[in-house]
Amino acid sequence: QVQLVESGGGLVQAGDSLRLSCAATRGTFNDYSHLAWFRQTPGKEREFVAAILWNGGRTEYAESVKGRITLSKDNAKNAVYLEMNSLKPEDTAVYYCAVDVEIRWNAPVVPDVYNYWGQGTQVTVSL
């Protein structure tokens, strides 16, 4: 069983930076699993933000965040970090990390295929 715990959310001003963390227990996911971040605002579906392949660290980013977000991992700590810069009010959302245990070349951008989810952490960006 994989457990994911997000942290690092908070209230910041536009232009600020924030780093979110996702601590994962290895459970059943393997080196070729993807760990991803999604975000969700009230009344909208979860939106793909970024993903990283556990083995090798290949990353993929949504077009809406490219250039402002960096995803990294620490294998020793089983943790994934989402560094967000130049935050905008439209980045306000609950951010979730998730694991897809299937072996795939590309990270899925559809939330339904992800097997495990954290509880989410709120990020609020004010003007």
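This is a predicted model: local features need pLDDT of at least 70, side-chain atom pairs count only at pLDDT 80 or more; totals for chains, interfaces and linings use all residues.
Residues are numbered from 1 along each chain as its sequence is written, and side-chain values use heavy atoms, with hydrogens and water left out.

The protein contains 0 helices and 11 strands, where helices (H or I, at least four residues) and strands (E, at least two) are DSSP runs numbered from the N terminus. The radius of gyration, which is taken over C-alpha atoms, is 14 Å, close to the 14 Å that the globule rule (2.2 Å times the number of residues to the power 0.38) gives for 127 residues, so the protein is as compact as a globular protein of that length. Along the principal axes, the C-alpha trace spans about 40 × 30 × 25 Å. Of the 127 residues, 43% count as buried, a class defined by under 20% relative accessible area, with exposed meaning over 50% and partly exposed in between (1.4 Å probe, protein chains only).

An open sheet is formed by 4 strands in the order β1-β3-β8-β7, with antiparallel pairing; two strands pair if DSSP finds at least two bridges between them. Its edge strands, β1 (4-7) and β7 (69-74), each pair on one side only. Within this sheet, 6 bridges join β3 (residues 18-24) to β8 (residues 79-84), and S21 stands opposite Y81 in β8.

The whole structure holds 6 salt bridges, each being a side-chain nitrogen of Lys or Arg within 4 Å of a carboxyl oxygen of Asp or Glu. In one of them, R104 and D100 meet at 2.5 Å, N to O; R104 is partly exposed at 32% relative accessibility, while D100 is buried at 0%. Salt bridges that share partners also join R39, E47, R68 and D91 into one network.

V113 lies in the loop between β9 (93-100) and β10 (116-117) and is partly exposed, with a relative accessible area of 31%.
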